[in-house]
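Please walk me through this model, stop by stop. Tell me what to select and what is there.

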Amino acid sequence: MKRKFSRRTFLGGTAALAGSFVLGGCEKIYRTVSPADQVKNATLKSIYYPPALLGLRGDTEGVQNAAHSVALAGGKFTLLGKAEEQYDLVVIGAGISGLSAAYLYQKQRPQAKILILDNHEDFGGHAQRNEFTIDGKTLVSYAGSESFDSPKANFSDDVNALMKDLGVDYTKFEKYFQQDLYEKKWNLEKGVFFNKTAFGKDAVVRGEPETGEESAAEIIQNFPLPEADKQALIKLYTDPDDYLKGKSKSQREEYAENTSYYDFLKNTVKLPETALRYLLNISSEYWGHAINAVSVSEALRGGYPGVQNLRLPEEEDEEEPYIYHFPDGNASVARLLVRKMIPAIAPGNSMEDIVSAKFDYSKLDLPENNVRIRLKSTALMVENNAEGVAVAYLPQGDADLKQVQAKQCIFAGHSALAARIMPQLRQTQSEAMLSNVKVPILYGKVLVKNAHAFQKLGVYAVYAPDAPYCLIQLDDPVSMGDYRCPQTPDEPIIVHMVRVVTDMQGKDAREMYRNGRRKLLRQSYESLKQEMLEQLRNMYAVAGENLDEVLAGVTINRWAHGYSYERVGLWDSENRAERITERMQEPLGNIFMANSDVAWLPYMHDAIDQAFRAVRQALKA
């Protein structure tokens, strides 16, 4: 059954060896940043601390090479002879699900030796963080996984139990998230940024039209659109017709489930071209795709205009505010888990102090740890054997495979990779694993010396239709512990930008995601940076401001395989989704499947729920 509509917005060796291995990897990262950023990164070369690196983050250059050698180039790997290390459990994937699984397993078997492997430069999966330092102050933001999604409605007993273990009380965000800062204290609103290429001029309109609200007409009247297009949008928002007049109840419901919102607007409503262009990406930051992959039914649940009078059944949902957010997003949850398992890595013991806790990455992979986290290490072969599970992995920058042996393995990585590296998978399970085609996404972070441009425009967040980045906003205002977000527009602040890199061409959402990913991976970091800053420069120019005069730092978080696939109503029935995900979650001998991937759901709580299930399966085996 389709769940409550929710928002998507919505990855070795000894200490001495790790030190030299780390520097080599960092040099590759430094080459992906500009000369100015290299200067700022210079002090990081003596230590390994990924959150403070500027430039390209997330899927950095080289991170996916080993996996792509299997998935794209058809490479085949075989297990070595004798394993170099022995463990009770190997976890593949150091995201929220993998970290949760390791923690839950250790909680039940405190003496267990656990190794966590991950191909990225940092732990957390998509729940990583970005740090910027300016004038002696550090600002943090989220690199990917953003917030708790409707925790009162969506958190299971298991998720609530883990949050309690970690000391997380999400009700505290009602105080920590400064809900009145931008709108009441700074007198800013949401708005719309129209770009010259698509709409003939660069313009920022204060206010965001809402379906069914009379104020929508006044806002739309300021849009830089032809008068006919503005009037068509005003009608769509404030007084739409019954565009399905003459159809029966069953015909209406069938139409709504099987017709895209785009086709409805274009062919049934006959919305003018420029008005349609305004709505094209209204769903992108929410769902991960444009409105041609959103059904009319989903448009109704999303509150999109034009569908209010179609006499379709509506779901009654109690909406929760989108405020359950650490300053670095769900990276704080990942950090809490790591600190629980490796206490020596950072001081503190609360959800408040985790935000500013100093992490010592040299403590991640020490022989004396019961739990070891080995970054930049891609699993390339996982196979059951007489002793349990053999895992072969390739350290980034190394030409030789390493092999470890474990009694059990929990796979909490990208499900499509499992289909490539587990030769013992049944064909039906392998095909199911390949069904999860992830959303390619970019989270851009731009540090500016002040928010004066936003103040002049009267906005703190803008929807940017038919533009590379569909959302531009001042970072969420969260203060907790000894961390304080900017309190006035005169202070340095982080601008958050979202680009969902899906292509509108494709027979279904999966093909749209694949096409977008190919496009994304063809772009260099310099090209990505230029594209992002050019859009922001144009917005600043509308305010009469020069972005380059206040620009202080840039980080782009590239997630070529971003958020998990979520059932798309136009192509996936509920029954089909249930059958496929059940197949994905089946154990394979002593290998157990976790991660939100195997639930076809992209939310933090789903990742944790899948970790609980996988650990229970492992403990019963």
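This is a predicted model: local features need pLDDT of at least 70, side-chain atom pairs count only at pLDDT 80 or more; totals for chains, interfaces and linings use all residues.

Residues are numbered from 1 along each chain as its sequence is written, and side-chain values use heavy atoms, with hydrogens and water left out.

**Helix H17**

Select residues 331-341, which form helix H17. Helices (H or I, at least four residues) and strands (E, at least two) are DSSP runs, numbered from the N terminus. Of the 11 residues of H17, 10 are buried, so the helix is largely enclosed by the rest of the structure. Buried means under 20% relative accessible area, exposed over 50%, and partly exposed in between (1.4 Å probe, protein chains only). The buried residues of H17 include Arg335, Arg339 and Met341. Now show the cover. It includes helix H4 (96-108), helix H6 (157-166) and helix H25 (604-620). Strands E3, E4 and E8 (371-374) are also part of what covers the buried residues.

**Glycine 444**

Move to strand E12 (residues 439-448), where glycine 444 sits. Glycine 444 counts as buried because its relative accessibility is 0%. What does glycine 444 contact, leaving aside its neighbours within four places in sequence? The partners are Tyr469, Val495, His496, Met497, Met532, Thr555 and Ile556. Contact here means heavy atoms within 4.5 Å.

**Salt bridges**

Side chains of opposite charge can pair when their charged atoms come close. The structure holds 34 salt bridges. Each is a side-chain nitrogen of Lys or Arg within 4 Å of a carboxyl oxygen of Asp or Glu.

Select aspartate 122 and arginine 57, whose side chains meet in a salt bridge (3.9 Å, N to O). This pair links distant parts of the chain, 65 residues apart. Aspartate 122 is in the loop between strand E3 (114-117) and strand E4 (129-134), and arginine 57 is in strand E1 (residues 55-58).

Go on to arginine 129 and glutamate 131, which meet in a salt bridge at 2.7 Å, N to O. Arginine 129 counts as buried at 4% relative accessibility. Glutamate 131 counts as buried at 8%.

Then pick lysine 152 and glutamate 174, a salt bridge at 3.9 Å, N to O. Lysine 152 is in helix H5 (residues 151-154) and glutamate 174 in helix H7 (residues 173-176), 22 residues apart. Lysine 152 counts as exposed at 51% relative accessibility, while glutamate 174 is partly exposed at 41%. Now select Glu85, Asp365, Arg372 and Arg374, which salt bridges with shared partners join into one network.

**Surface patches**

Arg514, Arg518, Lys519 and Arg522 form a positive surface patch. Patches are made of residues with over 30% relative accessible area and no salt bridge, with like charges joined within 9 Å and nonpolar side chains (Val, Leu, Ile, Met, Phe, Trp, Tyr) within 5 Å. Arginine 518 lies in helix H21 (residues 509-521). Arginine 518 is partly exposed, with 48% relative accessible area.

Glutamate 210 lies in the loop between strand E7 (203-206) and helix H10 (215-220).

Key: Accessible areas come from the Shrake-Rupley method with a 1.4 Å probe; for residues, only the protein chains shown count as cover. Lys and Arg count as positive and Asp and Glu as negative; His and the chain ends are not counted. The place of a charge is taken as NZ of Lys, CZ of Arg, CG of Asp or CD of Glu.
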